[in-house]
Amino acid sequence: MKAFELTDKKEFMHLLLRSEIFDNFLLSEASIHTSAKYDIDGRINKSFYSADELTELQLEHLDYLPYSRLRPVCFELIKGRRTPTYFKLVLMLSPANLQNTIQASGTSILPADILAAYLNIYYQNGQLMLTTGVSYRTFITDKSFEKEWEKFTINFLNRKNVSFSEI
């Protein structure tokens, strides 16, 4: 796990809530504390959609909604003159992007070994942070994929011109 302080809060919040750079991630969960506490479970309620809608929206093989579908909701809850007292968004790679990332990492880890690769974004006490994480299906001593996921995250942040410092 690597931790990063996001140093240009205003620019990062614009990227997070108003741009598409995180739209290829899935939203596992979100918690936003403003005048009330809002908790969002990103799991797809498949009974809400028809089979045709699930196919049309490319949701049929996903367990969680793409962040792009929930980004406007998060924006509505966070926007305003007053800063939230706290928020946390847990983003994860989609199954296809997880498989591509595993292959690109060059590690011996198999897609079946990994449950998810996460980006945890949270704000508290005036500090905006991002941490990486990997959840395995079983105990694995080989942590090479975690190191590669950290490198991928750093490269992603640099490519998107996100100001950060490692902690």
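1. Buried means under 20% relative accessible area and exposed over 50%, with partly exposed in between (1.4 Å probe, protein chains only). Helices (H or I, at least four residues) and strands (E, at least two) are DSSP runs, numbered from the N terminus.

2. On provenance: this is a predicted model, in which local features need pLDDT of at least 70 and side-chain atom pairs count only at pLDDT 80 or more, while totals for chains, interfaces and linings use all residues. Residues are numbered from 1 along each chain as its sequence is written, and side-chain values use heavy atoms, with hydrogens and water left out.

3. Overall fold. The chain has 5 helices and 7 strands. Their order from the N terminus is β-α-β-β-α-α-β-α-β-β-α-β. Along the principal axes, the C-alpha trace spans about 50 × 45 × 25 Å.

4. Burial and contacts. Of the 167 residues, 46% count as buried. Contact means heavy atoms within 4.5 Å. Among contacts between residues at least 6 apart in sequence, 66% join residues at least 24 apart.

5. Surface and charge. The accessible surface comes to about 9600 Å², and 47% of that area belongs to carbon and sulfur atoms; the areas come from the Shrake-Rupley method with a 1.4 Å probe, and for residues only the protein chains shown count as cover. The chain carries 19 positive and 20 negative charges, whose mean positions are 7 Å apart. Lys and Arg count as positive and Asp and Glu as negative, whereas His and the chain ends are not counted. Each charge is placed at NZ of Lys, CZ of Arg, CG of Asp or CD of Glu.

6. Helix α4. In this helix (residues 95-105), L98, T101, I102 and S105 are buried. They cover an arc of only 100° around the axis, so they lie on the same side of α4; the arc is that of the directions from the helix axis to the C-beta atoms. The cover over the buried residues of α4 includes β4 (86-93), β5 (114-124) and α5 (144-159). On the face turned away from the buried side, Q103 and A104 are exposed. G106 follows α4 and has a positive phi, near 75°.

7. Residue E146. This residue is placed in helix α5 and counts as buried, at 18% relative accessibility. Neighbours within four places in sequence aside, E146 is in contact with M1, V134 and Y136.

8. Residue L65. The loop between α2 (51-56) and α3 (67-78) holds L65, which counts as buried at 12% relative accessibility. Neighbours within four places in sequence aside, L65 is in contact with L26, L27, G42, I44, Y49, L59 and L70. The C-alpha atoms of L65 and F164 are separated by 27 Å, and these residues are 99 residues apart along the chain.

9. Most residues other than glycine have a negative phi. N125, not a glycine, has a positive phi of about 50°; N125 sits in the loop between β5 and β6 (127-136) and counts as exposed at 73% relative accessibility. N161, also not a glycine, has a positive phi of about 55°. N161 lies in the loop between α5 and β7 (164-166) and is exposed, with a relative accessible area of 64%.
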